[in-house]
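Please look through the sequence and the structure shown below before reading the notes that follow. The briefing then takes up the topics one at a time.

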Amino acid sequence: MTYQELLVETKNQKKKIAFLEEQLAGLYKLINGFKSESFITQTVVDQLTLFSEDPVTIPDEVPQETITYSRDKKKHQGRNALPEHLPVREVIIEPEEDTTGLKKIGEEVTETLEYTPASLIKRKTIRPKYAKADGQGVLIAELPTRPIDKSIVEACLLAHILVSKYVDHLPFYRQIQMFKRDFGWEASQSTMSDWMAGCCSLLEPLYNVLKQKIVDSHYIQADESPIKVLESDKKGSTHQGYQWVYHDPIGKLVLFNYRKGRGQNGPKELLADYTGYLQCDGYTVYDKIGADPAITLAGCLVHARRKFYDALDNDKKRAEKALVIFREIYLQERTIKEESEQNVEKIKQLRLEKIQPLLQQIKDWITEEQYNVLPKSAIGKAMTYFVNQYHKLQNIFLDGKIELDNNKIENAIRPMAIGRKNYLFCGSHKAAQNAAMLYSFFGSCKMQNINPREWLANTLEKIPDHSIQKLEELLPGYQENSIL
């Protein structure tokens, strides 16, 4: 091997090592979990411009001077007041001494919190029977409609079980253990699964109404997340399914839609009649859907920023330059939202003035720097991703109602990600779609700050007798959204 060939071989080996180290770092993140992506820059006196080639240095020793000043001592605010709606149990403690003949001049009140465990109540419905005159039959009241006919479970208990699983992440077997421990009542896991299936059959028409509401909106955020599903024909093996998630930021509704794969068939079918903005990351399936002239793709700044955050270990100097501008973008966005008072036209105008030039600044810098980095390195991938998504990021400025990123939809997916760690997989494809249905309703409740247990108990009581033409009235936050 010649000296020149040896140099080439050494250079290739270094590239391979750098690439493997990057992959290893990514695996460590997957194993240990992702940490906060916050990025705080140091403020330096006489700081150089962002794109200066000379690094900003902080001297090891800074001259010291003593400054004396006075300030008003802030009074401690104390603990937060206890909520007024909580039930009150009064305990009066009289002095041990005899108070006969003494005049009461006041009292000291101390508020503390105590806990009363939840309780199972055996509901006994009694319907008196009356014999009609002249032997014309028996008179008896009709039995009220229950969510699951001929079942012992009432709507409030069904709501508790389903919210405990899909909001509080307690699998059925743990709930069964808790019921047995606290109340001496034991239901089988198959019974709870049947109850869940019965609820989902009842809620399916409402789920379809929610789906149509999402499609009828003109601004949707989309993302997808994997979920393991047990294979029915292969014992012990699982299938990698996907929950496709669609969020309407204006109506504050979210839809989970289960599909067996990550291909375009699922979203293409659901969005077949959709017209408007679709905000998404750089996954190629969205580009194929965006080929429809009725759909305008908007990019996600968080996904673009995350690539540079992941490149900090690879090229700290270049990654920090991009992250500094991203930080300034979000600081400007916060100010814009405060100044505009949610006026979408004013938001659009201020973004064009204050944020678009910052985004262009990143693009111009990448144009200058991208040929000085390895394309397959983390920083090279971050730059390539940004350039490829730039036209979609520019579409954010078309309308003031479009968010800078998909963060809200990621927040909607997070409970499902936590749930995966507790119950690992769904028992079947049908169970995965049932889970999607419940995640949709509970996610919409969360978006609107609605108690999911109260909403579900109320809905399960009403829906058996509710008009099919007026199901929209049962959606989370219907009254508030109709006012808007």
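**Briefing on the predicted model**

K150 counts as exposed, because its relative accessibility is 78%, where exposed means over 50% relative accessible area, buried means under 20%, and partly exposed lies in between, with a 1.4 Å probe and protein chains only. This is a predicted model, in which local features need pLDDT of at least 70 and side-chain atom pairs count only at pLDDT 80 or more, while totals for chains, interfaces and linings use all residues. Residues are numbered from 1 along each chain as its sequence is written, and side-chain values use heavy atoms, with hydrogens and water left out.

**Overall make-up**

- The secondary structure comes to 15 helices and 7 strands, which are DSSP runs numbered from the N terminus, with helices (H or I) of at least four residues and strands (E) of at least two.
- Of the 484 residues of the protein, 36% count as buried.
- Among contacts (heavy atoms within 4.5 Å) between residues at least 6 apart in sequence, 65% join residues at least 24 apart.

**Two loop residues with positive phi**

- K150, which is not a glycine, has a positive phi of about 60 degrees, and its place is in the loop between β2 and α2 (155-166).
- D134 is likewise a residue other than glycine with a positive phi, near 60 degrees, and it belongs to the loop between β1 (130-131) and β2 (138-139).
- D134 is exposed, with a relative accessible area of 73%.

**The nonpolar cores**

- A nonpolar core is a set of buried Ala, Val, Leu, Ile, Met, Phe, Trp, Tyr and Cys residues joined through side-chain atoms within 4.5 Å.
- The largest nonpolar core has 70 residues, and those with the most contacts inside it are L203, L206, Y246, L278 and F441; its largest share, 12 residues, comes from helix α4 (residues 189-216).
- Leaving aside neighbours within four places in sequence, L203 is in contact with M437, L438, F441, L456, T459, L460 and I463.
- A second, separate core of 37 residues includes A298, L323, L358 and I379.

**The five-stranded sheet**

- An open sheet of 5 strands with mixed pairing has the order β5-β4-β3-β6-β7, where two strands pair if DSSP finds at least two bridges between them.
- β5 (253-259) and β7 (295-298) stand at the edges with a single partner strand each, so one side of each is left without a neighbour in the sheet.
- Strand β3 (residues 219-230) is mostly covered, since 9 of its 12 residues are buried.
- β3 pairs with strand β4 (residues 238-248) in the antiparallel sense over 10 bridges, and in β4 the bridge partner of P226 is Y242, while that of L230 is T238.
- β3 also pairs with strand β6 (residues 276-279), here in the parallel sense over 3 bridges, and Y219 stands opposite Y277 in β6.

**Helices and their neighbours**

- Helix α4 lies across β3, β4 and β5, and runs at about 110 degrees to β5; axes are lines fitted to C-alpha atoms, for helices over the stretch in contact, and angles run from 0 to 180 degrees between N-to-C directions.
- The axes of helix α9 (residues 344-354) and helix α10 (residues 356-369) come within 4 Å and cross at roughly 40 degrees.
- In this contact, R351, L352, E353 and K354 of α9 meet Q356, P357 and L358 of α10.
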